[in-house]
Amino acid sequence: MVKVKEIVARFEEFAPKWMAEPGDPIGLQLGDLNREVKKMMITLDVRPETVQEALENGIDFIFAHHPAMFVPVKKFDLSEPQNKMYAELIKNDITVYAAHTNLDNANGGMNDWLAEELNLVDCQALLPIREEEMYKLAVYVPKQQAAQLRQALADAGAGRLGQYSACSFSQTGTGRFSASDAAQPFIGQAGQVSAVEEEKVEVVCPKSLKNQVLAAMYANHPYEEVVFDLYQIEGLGQKYGMGRVGKVAFENPLTVLEYAKYCKEVLGLQGLRLISADLDKKVNTVAVLGGSGAKFYSNALLKGADIYVTGDVSYHVGHDILASGLSVIDPGHHFEKVCKERLTQKFSQWKQQEAWDIELYTSTLNTDPFRFV
Ligand SMILES: [Zn+2]
């Protein structure tokens, strides 16, 4: 039987938690990571009707894009529909996990899926590229114990670069110290200056593994006082960025109005909102950002986009966009529903690779709160 934490660990290799925006309440929402999974549901939102769907289908693990708990619970009054939903989940032993902005920002994640739906090619990030925080650890160890320490650091995840692991660099030299009477030196005697042939082992590690790498260093170093340098470095971290901008892969470019109609069709919408001062303008470059991205419209302008596709545009921001000359398509926040099929494909792949004995179920509910009449 596979546990929630094993499924989640595989997913987080693809969309690590550190890629999430600060303050985003991602990860385990409710339940227990150690629980065994028989049937897993993939959904955009966790709503009372989604939980009903889960119960009807014998689901024990819900994997959602939007966090179920955006607002902390202050009192557990069950007359509140949201609280009643949490109670149903707990009562029925259903674990809920959310991957939100880490999935948006992941390479090959939400924004790449949306760009593909919109027929974009040669995509790059819409917002400035960011980089995973990386550290360099240099630790001094007697030559005899260096191999064990290097192995322990590698086992803790230090020295991974792309397809390479256990990368390190060593130099040898002489370390000197004088121990007090209260010390219990591994080498040498109290009151005397000792000189030891030491190796300086250098490894890199991401911020997310820093504490476990340091713990491995302390656990596998013979000295009472371990001497090391730890500092942040640039250029080696995994790169990621929010949103996408790319070329529209049509031989004959569509106009703004034609492209808007195209979006309505491919996204399966009853309607969408269009802001544009020039409906006949030819569309060559399109920017997209899942969720509520109106505040980033100037990034779309900077990247030369003819149209920016994003949800939740408000009235006054709509005025600013219109005046800027950019065209914006607001298909509604719910256009992120494309993630349900894409996530199901990913989990099916991982299920095969990891031989998970689970059943996958994709939510069939439309959780869009808005209707067109
Ligand atoms: Zn969203």
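To begin with a single side chain: is E21 buried or partly exposed? At 22% relative accessibility, E21 counts as partly exposed. The terms here are buried for under 20% relative accessible area, exposed for over 50%, and partly exposed in between, with a 1.4 Å probe and protein chains only.

Now the conventions. This is a predicted model, in which local features need pLDDT of at least 70 and side-chain atom pairs count only at pLDDT 80 or more, while totals for chains, interfaces and linings use all residues. Residues are numbered from 1 along each chain as its sequence is written, and side-chain values use heavy atoms, with hydrogens and water left out.

Back to E21, and to salt bridges. A salt bridge here is a side-chain nitrogen of Lys or Arg within 4 Å of a carboxyl oxygen of Asp or Glu. By this rule the count comes to 15 salt bridges. One of them joins the side chains of E21 and R130, at 2.6 Å from N to O. E21 lies in the loop between α1 and β2 (27-30) and R130 in strand β8 (residues 130-131), so this pair ties together parts that are 109 residues apart in sequence. Helices (H or I, at least four residues) and strands (E, at least two) are DSSP runs, numbered from the N terminus. R130, at 28% relative accessibility, counts as partly exposed.

Next, E199 and R150, whose side chains meet in a salt bridge of 3.1 Å, N to O. Since E199 is in strand β11 (residues 193-206) and R150 in helix α6 (residues 146-155), the pair ties together parts that are 49 residues apart in sequence. E199 is buried, with a relative accessible area of 5%, whereas R150 counts as partly exposed at 31%.

The side chains of K281 and D306 also form a salt bridge, 3.3 Å from N to O. Here K281 is in the loop between β15 (273-275) and β16 (285-292), and D306 in the loop between α9 (297-302) and β17 (307-311), so the pair ties together parts that are 25 residues apart in sequence. K281 is partly exposed at 32% relative accessible area; D306 counts as buried at 11%. Finally on this topic, R10, E13 and E354 are linked in a network of salt bridges.

H66, in the loop between β5 (61-64) and α3 (81-91), and E336, in the loop between β18 (327-330) and α11 (338-354), link distant parts of the chain, 270 residues apart. H66 counts as buried at 10% relative accessibility, and E336 counts as buried at 1%.

Now the rings. The structure holds 16 aromatic pairs. Rings of Phe, Tyr and Trp (its six-membered ring) pair if their centres lie within 6.5 Å; planes under 30 degrees apart count as stacked, over 60 as edge-to-face and the rest as tilted. F11 and F14 are an edge-to-face pair, 6.0 Å centre to centre with 75 degrees between the planes. Both lie in helix α1 (residues 4-14), 3 residues apart, about one turn of the helix. F11 is buried, with a relative accessible area of 0%, and F14 counts as buried at 13%.

F177 and Y223 are also edge-to-face, at 5.7 Å centre to centre and 70 degrees between the planes. F177 lies in strand β10 (residues 169-178) and Y223 in the loop between α7 (210-219) and β12 (228-233), so the pair ties together parts that are 46 residues apart in sequence. F177 counts as partly exposed at 24%, Y223 as buried at 14%.

F11 and F14 come up again in a cluster, where ring pairs link them with F61, F63, Y97, W113, F347 and W350. F14 also has the charged end of K346 over its ring, 4.7 Å from the centre. The rule for that is NZ of Lys or CZ of Arg within 6 Å of the ring centre and within 35 degrees of the ring normal. K210 lies over the face of Y135, at 4.3 Å from the ring centre.

That is the last contact on my list.
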